[in-house]
Amino acid sequence: MAASPLQISRAGGIGAATLVVALIAAALGAVAWRAEGEFSLGPADWAAVRFTLWQAFLSAVISVALAVPVARALARRRFVGRNVLIALLGAPFILPVIVAVLGILAVFGRGGWVNQLLGLWGIAPLSIYGLGGVLLAHVFFNLPLATRLILQGWQSIPAERFRLAAQLGLGPRTVFQVLEWPVLIRVVPGALALIFVICLASFAVALTLGGGPRATTIELAIYQAFLFDFDLGRAAVLSLMQLGMAGGAAVLALWLVPQVSLTGGMGRSVRRWDAPKGALRWLDAALIGLAAGFLLVPLASVVLSGLPGIAALPAGVFRAAWSSVWVSGLSVCVLLALALPMAGWIGTSRHGGIEAAGLLGFAASPLMIGTGWFILIYPFAAPSSLALPVTALVNALMALPFALRILVPGMRDVVAAQGRLSAALGLRGWRLWLWVILPGVRPQIGFAAGLAAALSMGDLGVIALFADQDHATLPLQMYRLMGAYQMEAAAGAALLLIILAFGAFWMCDAWGRRGAVSE
Amino acid sequence: MKPIHLAAGVLAATVATTAQAQTPVLTVYTYDSFVSDWGPGPVIEKAFEEVCACDLQFVGTGDGAALLARIKLEGARSDADVVLGLDTNLTAAATETGLFAPHSVDVAYDVPMEWSDPNFVPFDWGYFAFVYNDGIEPPANFRDLADSDLTIVIQDPRSSTPGLGLLMWVKAAYGDEAPMIWADLADNIVTVTKGWTESYGLFLEGEADMALSYTTSPAYHLIAEEDATKKAAAFDEGHYLQVEVAGKLAASDQPELADRFLEFMVSDAFQSAIPTTNWMYPAVTPKDGLPEGFDTLITPETALLIPAEDAPALRDEALQEWLQALSR
């Protein structure tokens with residue numbers, strides 16, 4: 001039996017995956033080629049490896065464990081503002097690190113709202129610095145993402161199944177076992193792997209909230225090797241280790257787990273007859289409320305502190321905002337050109353292991369990619385003239401794992417639902433893409449494009465390595481304002497960034513959902 | 001009159017375009033905050049271009065350490081003519097690359113140390129200090145700080161220039177006792193951040209009583225925000241000095257222009273921009289003196305500085321001690 005009845009050409013997918021691996025390998029190769037002398041990893045490096053793995057593992061497990069009940073509650077309840085809330089779930093993820101950290105600290109920090117409340121009852125203030133703080137921040141960043149990914153899985157269960165379950169009089173428990181559990185098994189490992197990889201690359205968050213050098217991650221060691229010691233050999237080895245860990249996690253999560261796909265439904269809207277009434281209803285409400293509060297209160301503090309500054313932003317900020325919008329649009333195009341063929345390939349394969357190639361895009365240190373490509377570009381062109389395209393490319397690579405995680409399950413559903421009919425009609429090539437696949441995964445495309453646009457807008461990434469006076473992006477300009485003591489203007493710039501990033505996300509996501517066949 | 005004006009305008013425009021096509025370009029690599037709209041870059045570019053008949057182009061590259069890494073990466077092929085923004089912790093490593101050429105600047109510096117480096121010219125300087133909000137009792141030295149309940153936020157010496165400065169400060173003041181000082185300070189340190197920006201942000205948000213910054217930081221708040229509540233704590237061991245320097249690259253294709261830029265750098269036009277854009281002390285005090293507000297700053301009696309040639313070896317030793325003391 002062929003893996004799939006659908007005749008999606010694999011050439012595009014193989015080409016895109018090869019290109020991604022080649023881009024990363026070329027950068028790594030260039031860095032290693034320029035390395036001189038001997039290098040060895042000391043005990044401090046191994047401590048960093050251990051800490052990195054441990055915090056990434058815990059962050060992934062906690063984020064996903066919390067996301068499952070929240071996504072379940074969101075999946076079976078309908079309430080006013082639900083769509084807005086789901087869209088807002090994308091917001092913490094796209095904040096520049098320093099902004100998010102300040103937002104979290106405004107709530108949970110030493111002088112934060114939580115401690116002020118505790119103070120009213122005479123309770124000694126809590127300190128979040130340490131592993132707890134690192135996890136808190138990582139859950140803040142990743143819980144929304146995990147929730148969206150799991151919710152998306154939940155919504156892929158055809159409406160007919162719930163109708164049937166209701167007719168058979170199945171209770172919530174049985175519905176969970178029969179309908180929901182198989183979906184969870186399908187989406188949870190991928191979400192775990194993705195968040196694990198994101199947290200592997202954490203640097204400023206881990207260090208700042210980790211309270212000191214105990215919270216040293218590999219990414220910090222890479223940064224130190226590149227910029228402070230200029231030890232390219234060590235930087236290359238550390239980058240390779242980081243890639244290895246991410247690759248290992250991806251293979252574990254994606255290769256070993258069976259990629260079952262449900263046979264498709266007719267795409268009518270889901271009504272949940274099984275949603276329990278009474279006390280459980282309040283439990284769902286409480287879950288949604290807590291998750292929303294945890295995410296939105298720090299966000300609100302960022303918005304509030306930005307309001308005084310946004311009215312009087314210097315002109316340079318708007319120039320940078322325009323660069324950011326441009327970079328963001330470009331990186332969405334690059335991303336889709338890479339992600340769609342890859343997702344098509346993975347979606348029609350029995351194993352999802354190829355997705356690991358996409359995860360490498362995030363696991364590769366931006367500093368390594370930036371430096372590697374700097375070495376490669378330098379003999380031929382001034383790197384600063386390519387600052388924005390290189391930034392867009394690196395941002396697209398970073399968004400690739402998200403896009404694949406979002407697109408692949410949708411692709412599998414299209415294959416399951418439309419595969420036989422399309423094959424019978426002999427659809428292939430661009431017609432297949434245009435008439436069957438793209439309309440079928442439109443919500444996923446919208447979500448993935450939105451996430452990529454926002455991620456790219458908020459990312460400081462490699463721009464600082466290449467930028468000159470005229471090529472600053474908005475996050476860089478915001479850092480520059482902070483560096484010039486202008487905290488109020490910086491907070492205003494952060495708010496502008498949130499508005500732009502969230503606006504881009506909302507536009508793409510809404511475009512996807514408007515055309516959604518089901519939901 | 002009008003036609004003549006018009007003609008003059010057209011003529012001027014033509015001259016300008018031709019001039020642009022032939023004007024030599026001087027490329028100066030510097031740290032990112034120097035070229036930002038709020039840094040000294042734009043003012044200095046305008047002032048130098050008025051006298052040099054050239055096009056001055058600043059290229060920003062992260063911070064001071066990233067600047068040196070960039071130069072090493074580019075080697076002799078670099079487009080840079082001048083590198084501006086290294087400090088004395090980095091000059092020995094920079095000299096070792098062999099990429100820098102001797103300068104010919106000879107002026108009387110107002111830097112609190114004897115300056116004799118043949119390759120690098122200082123353009124500004126400052127003392128590291130802990131900045132606090134009025135209302136707390138500032139400690140008088142590191143031992144005092146370690147004994148107190150005051151909280152501080154500092155920068156990681158592995159990723160930040162001021163962080164490295166603090167490391168050298170404690171080492172210069174306490175030598176072999178430095179590990180003990182760090183061990184005692186451990187419970188005062190709220191957290192360690194990637195760079196100055198994060199630390200100072202946390203301090204302003206009230207996450208710590210003090211942040212490692214400069215003695216000149218209160219001048220910003222006083223002059224730009226009319227806020228007199230920020231102070232720098234005077235430590236009786238002395239304060240560690242950061243001297244920021246520029247140097248000419250040996251492979252520059254504009255060596256004369258680069259020399260002129262270094263001369264210009266210690267002149268009033270450049271130096272008078274420094275205090276209120278870079279918030280540091282000018283290396284040569286302009287003839288109008290320092291801006292009002294700088295007289296309110298603390299002036300340490302002892303300036304500490306580890307000689308540039310000893311800095312790399314001491315840095316590695318101090319970093320190991322720091323890691324051990326704070327990882328416990």
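Student: How many residues does the contact take from chain B and from chain A?
Tutor: This is a predicted model, where local features need pLDDT of at least 70, side-chain atom pairs count only at pLDDT 80 or more, and totals for chains, interfaces and linings use all residues. Residues are numbered from 1 along each chain as its sequence is written, and chains are lettered from A and ligands numbered from 1 in the order in which they are written. Two residues are in contact if their C-beta atoms, placed from the backbone, lie within 7 Å. The contact takes 45 residues from chain A and 41 from chain B.

Student: Which element gives the largest share of the side of chain B that touches chain A?
Tutor: Helices (H or I, at least four residues) and strands (E, at least two) are DSSP runs, numbered from the N terminus. Elements giving two or more residues to this side include strand S2 (55-60), helix H4 (64-74) and helix H14 (311-327) of chain B. The largest share, six residues, comes from H4(B).

Student: How do the residues of that side of chain B divide by class?
Tutor: Ala, Val, Leu, Ile, Met, Phe, Trp, Tyr, Cys and Pro count as nonpolar, Asp, Glu, Lys and Arg as charged, and the others, Gly among them, as polar. The side of chain B that touches chain A has 16 nonpolar, 14 polar and eleven charged residues.

Student: Within chain B, which helix gives the most to the side of domain 1 that touches domain 2?
Tutor: Domain bounds come from an automatic or database domain assignment; here they are domain 1 (2-125 + 243-289) and domain 2 (126-241 + 295-327) of chain B. The contact takes 18 residues from domain 1 of chain B and 17 from domain 2 of chain B. H4 and helix H5 (91-96) of chain B each supply at least two residues of the domain 1 side. The most, three residues, come from H5(B).

Student: What share of the 519 residues of chain A counts as buried?
Tutor: Chain A has 22 helices and zero strands. Of its 519 residues, the buried share is 57%.

Terms used: Buried ≥ 20, exposed ≤ 12 C-beta atoms within 10 Å, placed from the backbone.
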